[in-house]
Amino acid sequence: MLRFIVRRLLQLVLVIFALSVLLFAWLKSLPGGTVSAMLGERATPESREALTKELGLDQPIPVQYWSFLKRAVQGDFGVSNGVQPGTPALDLLLERFPATIELSISALLVAVLLALPLGYLAARRRGGILDNVAIVGSLVGVAVPVFFLAFLLKYWFAIELGWMPVSGRQEVGNATRVTGFFVLDGLLTREWDASLDALKHLVLPAIALASIPFAMIFRITRASVLDVLDEDFVRTARSKGLTSRVIRGRHIMRNALLPVITAIGLQTGLLLGGAILTETVFNFPGIGNALSEGFTKRDYPVLQVIILAAAGVYVLVNLVVDILYAVVDPRVRTR
Amino acid sequence: MTPTHRDARDPGTKGPRGLGSRKKERIDELAATAGASGPVDEAGAIDDTAGVSLIASAWRRLRRSPVFLVGLAITIAFVVLAIVSSWLAPHDPGEWLLYDKVSPQSNPIPGPEPGFPLGADDKGRDLLSRLLVGSRQTLIVGVCATLFGLAGGLVLGTLAGAFSGWVDSVIMRIVDVMLSIPSLLLAFSISAVASRPSQWTLIIAIAIVQIPIFARLLRGSMLAQRSKDHVLAARALGVKKSAIVLRHMLPNSLGPVIVQATLVLATAIIDAAALSFLGLGNPDDRNPEWGQMLGRAQTYIYDHPHLAFYPAICIIIVALGFTLMGESLREALDPKSRR
């Protein structure tokens, strides 16, 4: 087990190294090169020259890469010049990331809470009305662009009906900040209003974002329950006279959940991509919103740090899922 | 469920698997469907499928599948529309016909009137004509992005599958790193490099994201082919290596790749819309494209939602068509469901 984890960690280092090379190459290939990217397009020639010197851009490429790496390790990614001018890019990331994590976790919760029971029921009554409706629903869910769904929800429930707030993350202005997760902060400081307000702001974006993982989790749950239903041990359990509740919980779901857990881990990348779109529609101040705003304003220090962080988180979550999977299913370790 | 397909899940991947192996495992699982072909492999299924090739039996099942037929009908209708739309459209989609009725304060979007059943857009161009003609650019974006992704994936996957050893390792590590970046983020970063966004930067960004998926898929099914009897026989006969790879292994490995390509057509069109929405799309809107129309409609979404609804519905229907077709193809080619 330890060897397995160590091997995976070594691979993680390798992937992060490759990512840093890619990011470096990306910065070099941006229109106008690194200096324009860092200072914006209207920088004076003097400041350009100063930064060229400071970043060592007159040095050979390997030296440049080395100093890029050194600055990145120290957390120096430059200063935002568009999204929040003057804020160090890393600070901006740390401020915005909790919002995206909160949103993604809510979306994942919505998806799992809907998809697991639906997937189970659809498999039990295979070919029934519920099964067909849910299958068609999950296929349509794949075909609907996330940001369009987000628009629809915003249009109906926020603008026309006025049930939910239109945009933003929280309206209570003086809420105390503890963790950066607004719902949790409200609960911790007993500011129930603040918590409820933050929750209300989460509902629509979370539902929109949940459409991506929902379709996937539903289909995998259904397929995997169908597989397990055919197994001999389910028949044995039934012939032993176990109650259907016990069979469902101990025999069917426990075995069917393995592939589902993997599928959930797999959603991280899709969630991060979907968050860019959903956050933009709802003006939700997470990293996705900062990314699309940073692009329009050509704020490369911010783009750079967010891309690295998002890819890093994605790789890390996959690592954790791999390890969890190896814990649950010992066969994986030897493969 | 027979235990055979569980074992077929890992089609001979050698060495340690990289990170993000779940995504990869899913790709590999699809690849394995090409390896586990032939009715003889399936114990108990020999009786009525014996002697029928995989494609023939797949077609026999597809012909009766309503899901596949609906998907096929939508796809054919879409392609035909894309071809004939220039003659169907009542007006030139690029001409500012109703521009004198556009005024920023009172009426930014001219409504329906005789000759213009859906009204016009913010520049006074006929919306119906733009929707009809938009099918052509949408098809071009989808097909080109898929083809470029497929071509890149074919080259990398064939190289990796044909030569084991360091070529395979190097290619697969590159592919793994590309897979370790969330796909929309990757497409986003690639299009951000372009100094002037255009339709082609959009297509290339979407295509590059697909390359590692196709490459991994193809390599997986090529590896499964390598140990097949017909490849062994060809090798024993002294057939040249290039001929074995190109004539024997590659054609037999294409099944899952084609299935994936059908599904990618749908995602490519949706991703193009998403990138347009984020402002990374083609700024030149004389030739309409649905994703671009949807992306640009966001400015007027609250007062004139129909500008977004029409292209969105077109995209949803077409994406659904490709998805239905791809999913039923995948199911038909999957030996698991041949029972």
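User: In this predicted model, does B:Trp290 count as buried or exposed, and at what relative accessibility?
Analyst: The cut-off for buried is under 20% relative accessible area. B:Trp290 falls under that cut-off, so the residue counts as buried. Its relative accessibility is 3%.

User: Which residue forms an aromatic pair with B:Trp290, and how is the pair classed?
Analyst: The ring centres are 5.6 Å apart, within the 6.5 Å limit for a pair. The planes stand at 40 degrees to each other. Planes under 30 degrees apart count as stacked and those over 60 as edge-to-face, so this pair falls in the remaining class. The partner is B:Phe78, and the pair is tilted.

User: How many residues apart are B:Phe78 and B:Trp290, and which helices hold them?
Analyst: The pair links distant parts of chain B. B:Phe78 is in helix H5 (residues 66–88), whereas B:Trp290 is in helix H12 (residues 290–296). B:Phe78 is also buried, at 4% relative accessibility. The two residues, in H5 and H12, are 212 residues apart.

User: How many helices and strands does chain B have?
Analyst: Read along the sequence, the pattern of chain B is written with α elements, α-α-α-α-α-α-α-α-α-α-α-α-α. The count for chain B is 13 helices and 0 strands.

User: What percentage of the contacts in chain B between residues at least 6 apart in sequence join residues at least 24 apart?
Analyst: Chain B has 339 residues, of which 55% count as buried. Its accessible surface comes to about 14600 Å², with 65% belonging to carbon and sulfur atoms. For contacts between residues at least 6 apart in sequence, the share that joins residues at least 24 apart is 73%.

User: Which residues are in contact with B:Ser129, leaving aside neighbours within four places in sequence?
Analyst: B:Ser129 is found in helix H6 (residues 127–162) of chain B. Its relative accessible area is 0%, so B:Ser129 is buried. Leaving aside neighbours within four places in sequence, the contacts are B:Ala89, B:Pro90, B:His91, B:Pro93 and B:Gly134.

User: Which residues of chain A are linked by ring pairs into a cluster?
Analyst: The whole structure holds 12 aromatic pairs over all chains. One of them joins A:Phe24 and A:Phe68, tilted, at 5.4 Å centre to centre and 50 degrees between the planes. That pair links helix H1 (residues 2–29) with helix H4 (residues 61–73), its members being 44 residues apart. The cluster consists of A:Phe17, A:Phe24, A:Tyr65 and A:Phe68.

User: What are the relative accessible areas of A:Phe24 and A:Phe68?
Analyst: Buried means under 20% relative accessible area. A:Phe24 is buried on that basis, and so is A:Phe68. The values are 10% for A:Phe24 and 6% for A:Phe68.

User: How far apart are the end C-alpha atoms over residues 9–27 and over residues 198–218 of chain A?
Analyst: Both ranges are among those that the unreviewed UniProt entry annotates as "transmembrane region". In the model, residues 9–27 are 100% helix and 0% strand, and residues 198–218 are likewise 100% helix and 0% strand. The end C-alpha atoms are 27 Å apart over residues 9–27 and 28 Å apart over residues 198–218.

User: What separates the C-alpha atoms of A:Pro285 and A:Phe97?
Analyst: A:Pro285 lies in the loop between helix H11 (244–282) and helix H12 (287–296) of chain A. A:Pro285 is partly exposed, with a relative accessible area of 28%, and touches residues including A:Arg96 and A:Ala99. A:Phe97 is 188 residues away along the chain, and the C-alpha separation is 8.9 Å.

Notes. Residues numbered from 1 in each chain as written. Chains lettered and ligands numbered in written order. Predicted model: local features only at pLDDT ≥ 70, side-chain atom pairs only at ≥ 80, totals over all residues. Heavy atoms only, no water. UniProt positions renumbered as here; feature names shortened; annotations may be inferred. Helix = DSSP H or I, 4+ residues; strand = E, 2+ residues; numbered from the N terminus. Phe/Tyr/Trp six-rings, centres within 6.5 Å; stacked < 30°, edge-to-face > 60°. Buried < 20%, exposed > 50% of the residue type's maximum accessible area, 1.4 Å probe, protein only. Contact = heavy atoms within 4.5 Å. Areas by Shrake-Rupley, 256 points an atom, 1.4 Å probe, with all protein chains shown as cover.
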